[in-house]
Number of protein chains: 2
Amino acid sequence: MERHLDEELKELHKDILQMGIMAEEAIFKSVEALKNRDKNQAQTVIDEDKKIDALENVIDEKCIDLIARYQPMAKDVRFITTAMKINSDLERIADLAVDIAQRVIELSAKPLLKPLVDIPKLSSIAQKMVQNALDAFVNRDVSLAKQVFEGEPQADTLRNNVYTELVYDYLAKDPTTADRAVPLLLISRHLERICDHATNIAEDVIYMVEAKVVKHHPEAFK
Amino acid sequence: MERHLDEELKELHKDILQMGIMAEEAIFKSVEALKNRDKNQAQTVIDEDKKIDALENVIDEKCIDLIARYQPMAKDVRFITTAMKINSDLERIADLAVDIAQRVIELSAKPLLKPLVDIPKLSSIAQKMVQNALDAFVNRDVSLAKQVFEGEPQADTLRNNVYTELVYDYLAKDPTTADRAVPLLLISRHLERICDHATNIAEDVIYMVEAKVVKHHPEAFK
């Protein structure tokens, strides 16, 4: 039985990775669709989200079933519950990619307000953060998980740049640009939230590996 | 045994509520400290975070122990894993209150850049969102959970207002205001992340109550 659980946990590992690949792909495609003003590609992101939602449910049910069936030890319960948290962050990341895709469709009929500079950079950071967070999970790599946090200030700066430029140089000077500026503002916000979810995943990985002793101040337990 | 688990689940409920009350209090106090330029109150938020971290760990261990000890049915496993997710969102909310408190301490030696208008409003929305998300959990109230989402656009608008005002009216005109403007920018970002965590909690509650059938498109399962 023990061995069987081990196999199922390996499967779960793979499922989470698959979920991660799909979520990363959704971010990438949604921003490619923006760059190429490609309404069809944006629609693909929206359509494919059903698969991600379905996989999330499958993983979630599998986790609950594993717990109910195997009565795993605390260590394994912790792995499974971490997988559930990561699973839900990944599904939300994919939802944010859908939000981006919807903004791309809104924008596709209108001329682009300005060449995209900071949004693609922000998207690269978001993808990198998600990727590192997942690699950290797979390899139980705390130092890689900590690297994920380093993306946050860069992401904040880029989002703020996007915001300042759109508000200063466009909206304030010519309010009729709103229908082209606001979707870009929202896209930068969606990308920032993706970074936040990557941070959540990294925090969960650190917790899983180091458990309570290192997570918080140990003196609180004395 | 069944009855005993029920009692333990009720305890868990109470623990999560206690965690919620402490997190809400941390937000409230950190923003009060900002309003009153009260370094001591800010320090209290930082000091009290140890208790929240400790309670998070206690709850987390309790959940894992419950699962390992009682072999609960799927429905109860779902409740317990949801409690674990909410527990971790609440701890992060409290961490963000600590981040705010740290900015308050930085600011406390300097004259306030401007009267605070939007930050207290943003803070009220954040607190309301957290409170509603927790009430939704306690009462398994999906429609209240959905109300939590309504806070998001308001929170985004307020954060954007804070950003525009500080960048436009202060930083751009006089870069020497940076050491007083940047902490306020960060505080608005911390408050926005608190709103995001409240949204996460609300999503988890909806999922717990409605399970997979309603969460995503049911057609994906056909």
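By what turn and what shift along the axis can chain A be laid on chain B? A turn of 180° with a shift of 0.0 Å along the axis does this, at an RMSD of 0.0 Å, where copies are superposed by least squares on the C-alpha atoms of residues with pLDDT of at least 70 in both. The two copies are therefore related as by a two-fold rotation axis. Within chain A, A:Gln71 has the C-alpha nearest this axis, at 3.0 Å.

The model is predicted, so local features need pLDDT of at least 70 and side-chain atom pairs count only at pLDDT 80 or more, while totals for chains, interfaces and linings use all residues. Residues are numbered from 1 along each chain as its sequence is written, and chains are lettered from A and ligands numbered from 1 in the order in which they are written.

Each chain gives 30 residues to the contact, two residues being in contact if their C-beta atoms, placed from the backbone, lie within 7 Å. On the side of chain A that touches chain B, helices H2 (39–70), H3, H5 (142–171) and H6 (178–215) each give two or more residues; H2(A) gives the most, with eight. Helices are DSSP runs (H or I, at least four residues), numbered from the N terminus.

A:Ala74, A:Val77 and A:Arg78 meet B:Ile64, B:Ile67 and B:Ala68 here.
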